[in-house]
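Dear colleague,

I am writing to hand over a structure for your study.

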Amino acid sequence: MTLPGNNTLIIAQREYLARVRSKGFWLATVALPLALAAFGVLPSLLLMRSDATHRLVIVDVTGRLGDEVRRELTGGEAREVVDAVTPAGGDGARADFEIELLGEFDRGDLNRRVLAGDIDAWILIDDASLEEDQIRYYAESVSNFFTQERIENAVSAAVRAWRLEAAGYDADEVGALARPLDLAAVKVTPEGEKEEGVAAGIVLAYFLFFTLYLLLVIYGQQVMNGVIEEKSSRIVEVIVSTARPFELMLGKLVGICSVALTQLGIWMATVIVLTLPGVVAAIAWIPQGTTLPTLGPGLALHLLINFLLGFFLFCSLYAAIGAAFNSVQEAQHFAVVVVAFLVLPVLLFWKVLNDPDGGISVVTSMIPLFTPLLMMLRLVVKAPPAWQVAVAYLLTAAFTWALVWFSSRVYRVGILMYGKKPTLRELWRWVRYA
Amino acid sequence: MPARDSDVSAAPAIELVGVHKSYGKLAAVRELDLAVPQGTIFGLLGPNGAGKTTTLRMIMDIIAPDAGTVRFFGRPRSPEDLRRIGYLPEERGLYPKMSVFEQLLFLARLRGLSRREATLRIDRWLERVELAAWRDRKVEELSKGMQQKIQLVGTVIHEPDVLVLDEPFSGLDPINQGLFKDLLTDYRARGRAILFSTHVMEQAEKLCDHLCLISGGRAVLEGTLGEIRQRYGGISYRVEVAGDLARVASLPGIEQATPQNGGLKILLTPQADPAAVLRSMLELVEVREFRRESPELEEIFIRAVREAG
């Protein structure tokens, strides 16, 4: 590898301008944050909101609890205190119940009604179930967690109140005494204490992590496609007659990296503007008193470092794959392997979020292929020991350097190869003889 | 000739000395010596797979030779020298989404021109190839023939001292072929050197001063067109006879006989004495014509390739 010179800059400049001038870039700049927000919010909304009326038959053989359960579910005269002890589901979980109360039952008949779609479900409250502390829910579909959770809470509340009264306590009074407390999270950082809701912390972690993830996946793919395009449009040999293949590869990486940084910059600037105190107050849909997560300069620097490490690590691989093959379809098989290394950290997202100093989090965040995403996540959640960050960065930088070297050799040979797909053995020969 | 101080004035523009390149066990180019004099058009000929592209790529430092050196105006070629060469590879293309101007500007800047200088030259060239109206259009909107013109302009935009062209005429329409030929002769007239590869002998015969035929990675024949003709000139004859043609063809000393225009075209073996062949022919048939012909380059080459094995 010789030192890159002026050629690298000319190539990077072409790459940058060609992309930033395209409509696709601006579309992605607007669409990506929206998509990210949608992915974050939609599933929980979809899970929680069950619009349909749930037609439920309550079979209360004991004759003591049915009315109370119905009140709990329909919210009619539900007792406030009991509600306080067992808040039923989330806010969005208010599915309407249409309840039919039976004192005795015919199992066969009820099951037939379920299958006929006449009712959605039935529950059985009898002495045996009270002894076992378990009531049964009969339905065709049993995956509606939120509805089931509400029924469970309603029955529990009714049973609790009945048991308290049976034991001679005043249910209202006990409820008031046993009221739960809120946990307000205060984040301790080297800069001092910072009151930050759990939700705000997760939101920040979620956005930084997935922004990084998406940037690496999308721009990696762009590097690969760009290399294949240069190959298939047969421009590449014209260029490498004056620029070294390494300069071409590096110029391409630097150019596309600058595009990604521009995009990241636009997003950050937007976030900063939107979170200015005056602006927050002006946005009506943000509930009063919400503490929005803030991105300090320290975290921003780490974001930049992790992005650069991840970009050159993965994109040099993508460049090598692009050079080795003649079409996107051919290359895709190999690209999947690279994507797998990006997806694994996503699978570990909740684990690391919950337990940033646990064994798995520490080890995986120090493996170069995972460092950019997982170390970033740990940094957002809780500052890891400095030595771990330093070691992870050094390892990743060394690994990235080795990969760039490896990729440049595959690239050098690959860009001039047309025709059949290379085998793994041939690829290895390219690396040795390049 | 815009020579540099370090250039040796009479030295070949490009010289290969003992250049060797193999891919694994396959030797693509073997011990090749080649000298492209200044002010000439040099044709590198050979069948497909002979090693032409590998040779040109080694000249352009796209592929490193396993052994041997590439010299440029009498001294080892340096990376800076590459900017003094206009290279047109066999696999050539343009960025489809870029405008004609941006495309040429990019290529010109890679070859060391300033933005200002490049802009002036691009506009002058676009006038010359009658594509000025397409300056700001995307390359993909151009016809194939127009794209070929742009490629040509991209190759010479930096006024190189040497042109290295790999199969420059393949896929060209007749108009562009003419444009290329004019450019080549224009370059030669200005004392510059042109090296081009082709597998079409006709083009080489019409354009080249020097020829080198390679086969199996080896030079099997080299020299000026005249030298080559002279060396092999005595062996092809046109014969018109009355009698059994098949008996004529089987005479000793005749390597090949092909019917042509009512007569025979015969190639003699290099050892054969034409007078002896004629005498033995007269014993068999009535000979009406026995005339020495200048053989076509193609025949010479087919023969040379066959003899080289």
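Predicted model: local features only at pLDDT ≥ 70, side-chain atom pairs only at ≥ 80, totals over all residues.

Residues are numbered from 1 along each chain as its sequence is written, while chains are lettered from A and ligands numbered from 1 in the order in which they are written.

Chain A: a sheet and a helix across it

Helices (H or I, at least four residues) and strands (E, at least two) are DSSP runs, numbered from the N terminus. In chain A, four strands form an open sheet of mixed pairing, in the order β2-β1-β3-β4; two strands pair if DSSP finds at least two bridges between them. The edges are held by β2 (97–102) and β4 (136–139) of chain A, each with a single partner strand, so one side of each is left without a neighbour in the sheet. From one strand to the next, the twist averages 20°. Strand β1 (residues 54–60) of chain A runs parallel to strand β3 (residues 121–125) of chain A, and five bridges join them. One of the residues concerned is Ile58(A), whose bridge partner in β3(A) is Ile123(A). Helix α3 (residues 66–74) of chain A lies across β1, β2 and β3 of chain A and runs at about 180° to β2(A). Such angles run from 0 to 180 degrees between N-to-C directions, with axes fitted as lines to C-alpha atoms, for helices over the stretch in contact.

Chain A: a pair of helices

How do the axes of helix α17 (residues 371–381) and helix α18 (residues 386–414) of chain A cross, and at what angle? They come within 11 Å and cross at roughly 165°. α17(A) and α18(A) are therefore roughly antiparallel to each other, a term for angles over 145 degrees. In this pair, Thr371(A), Pro372(A) and Met375(A) of α17(A) meet Val389(A), Ala392(A) and Thr396(A) of α18(A). By class, this contact has four nonpolar, two polar and no charged residues. Here Ala, Val, Leu, Ile, Met, Phe, Trp, Tyr, Cys and Pro count as nonpolar, Asp, Glu, Lys and Arg as charged, and the others, Gly among them, as polar.

Chain B

Chain B has ten helices and 14 strands. Its C-alpha trace spans about 80 × 45 × 40 Å along its principal axes. Of the 309 residues in chain B, 40% are buried, that is, 20 or more other C-beta atoms lie within 10 Å of their own C-beta atom, placed from the backbone. An open sheet of four strands, with antiparallel pairing, has the order β2-β1-β4-β5 in chain B. Seven bridges join strand β1 (residues 14–23) of chain B to β2(B), and Lys21(B) has Val29(B) as its bridge partner in β2(B).

Where the chains touch

Which parts of chain B touch chain A? In all, 20 residues of chain B are in contact with 16 residues of chain A, contact meaning that the C-beta atoms, placed from the backbone, lie within 7 Å. Helix α2 (residues 100–110) of chain B gives the largest share of the chain B side, four residues. That side divides into twelve nonpolar, two polar and six charged residues.

Yours sincerely

Terms used
Contact = placed C-beta atoms within 7 Å. Parallel < 35°, antiparallel > 145°, perpendicular 65-115°, else oblique. Buried ≥ 20, exposed ≤ 12 C-beta atoms within 10 Å, placed from the backbone.
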